[in-house]
Amino acid sequence: MSNQAKKDQTQELIKETTKNLFFVKGKFDATTQEIADEAGVKRTLINYYFRSRDNLVQIVFEEAQKVEREKSEVIMNSDLPFKQKIAQFIEESLTTSLQYPYLETYIVSQINKGNCQKKDIEDDELQKLYKDIEKEMELGNIETMKPVHFVLNMIALLVFPSAIRPLFMENLNITDEEFDKLIAERKDIILNMLFKK
């Protein structure tokens, strides 16, 4: 393996370890030393590759935002019928939730710190989505409500269980494996709650 390939591999290892600590384990305040220990590298390598913990965190945060944007594009840019688009969005969201249970919580924590000002959805895309939702209401496929409530309901049904995962697991005596199974089963449940037919 060339020196450059080894450097790239180490850099990627540090990044993936940071994502695992933040998005899988929910350890948003992991120190540089904790990241290095988890990755099995010397702490100085983090500064060597990323200049600082803050730069590493910024890179990881941008990758998290990219994942969220890609999920939104399913709804915004697909030519599928509306219910199929929503089903695909739910499927991808649940898959992401299983892979990275604390991703949305991390993004919200960064927004609260003022580290995120970028919108995932443009205003014209949002207005188109609202019109699509209104059309489905007119067709009798969705209960009549403000379109924003449909979006809030969908996101709440998708994100809330993962956002408070540790609380659910502790209070309901659920293991990690059982919780993952519950999340995987939610697609049809959510679709049935959002659509009348």
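**A chat about rings, helices and loops**

Me: At 4% relative accessibility, does phenylalanine 179 count as buried or exposed?
Reply: Phenylalanine 179 counts as buried, since its relative accessibility is 4% and the cut-off for buried is under 20%. Do keep in mind that this is a predicted model.

Me: Okay! And what about phenylalanine 168, what is its relative accessible area?
Reply: Phenylalanine 168 has 27%, and that makes it partly exposed.

Me: How many aromatic pairs are there in the whole structure?
Reply: The search turns up twelve aromatic pairs. In one of them, the rings of phenylalanine 168 and phenylalanine 179 have centres 6.5 Å apart and planes at 35°, so this pair is tilted.

Me: Which helices do phenylalanine 168 and phenylalanine 179 lie in?
Reply: Phenylalanine 168 is in helix H9 (residues 165–171), while phenylalanine 179 is in helix H10 (residues 176–184). The pair therefore ties together parts that are eleven residues apart in sequence.

Me: Nice. Which residues form an aromatic cluster?
Reply: One cluster is made of Phe22, Phe23, Phe28, Phe61, Tyr100 and Tyr106.

Me: Tell me about tyrosine 106. Where is its place?
Reply: Tyrosine 106 sits in helix H6 (residues 103–112). It is buried, with a relative accessible area of 1%. Leaving aside neighbours within four places in sequence, tyrosine 106 is in contact with Phe22, Phe23, Phe28, Val57 and Phe61.

Me: How many residues apart in sequence are tyrosine 106 and glycine 26?
Reply: They are 80 residues apart in sequence, yet their C-alpha atoms are 7.7 Å apart in space.

Me: New topic: at what angle do the axes of H1 and H4 cross?
Reply: The axes of helix H1 (residues 3–24) and helix H4 (residues 53–77) cross at roughly 70° and come within 10 Å. That makes H1 roughly perpendicular to H4.

Me: And which residues in H1 and H4 meet?
Reply: From H1, the residues include Phe22 and Phe23, and from H4 they include Leu56 and Val57. By class, the contact of H1 with H4 has eight nonpolar, one polar and four charged residues.

Me: Last one: which residue has a positive phi although it is not a glycine?
Reply: Arginine 51 is one of them, with a phi of about 75°. Arginine 51 lies in the loop between helix H3 (43–50) and H4, and is exposed at 67% relative accessible area. Asparagine 173 also has a positive phi, of about 50°. Its place is in the loop between H9 and H10, and asparagine 173 is exposed at 68%.

Note on methods
Residues are numbered from 1 along each chain as its sequence is written. This is a predicted model: local features need pLDDT of at least 70, side-chain atom pairs count only at pLDDT 80 or more; totals for chains, interfaces and linings use all residues. Side-chain values use heavy atoms; hydrogens and water are left out. Rings of Phe, Tyr and Trp (its six-membered ring) pair if their centres lie within 6.5 Å; planes under 30 degrees apart count as stacked, over 60 as edge-to-face and the rest as tilted. Helices (H or I, at least four residues) and strands (E, at least two) are DSSP runs, numbered from the N terminus. Buried means under 20% relative accessible area, exposed over 50%, partly exposed in between (1.4 Å probe, protein chains only). Contact means heavy atoms within 4.5 Å. Axes are lines fitted to C-alpha atoms, for helices over the stretch in contact, and angles run from 0 to 180 degrees between N-to-C directions. Angles under 35 degrees count as roughly parallel, over 145 as roughly antiparallel, 65 to 115 as roughly perpendicular and the rest as oblique. Ala, Val, Leu, Ile, Met, Phe, Trp, Tyr, Cys and Pro count as nonpolar, Asp, Glu, Lys and Arg as charged, and the others, Gly among them, as polar.
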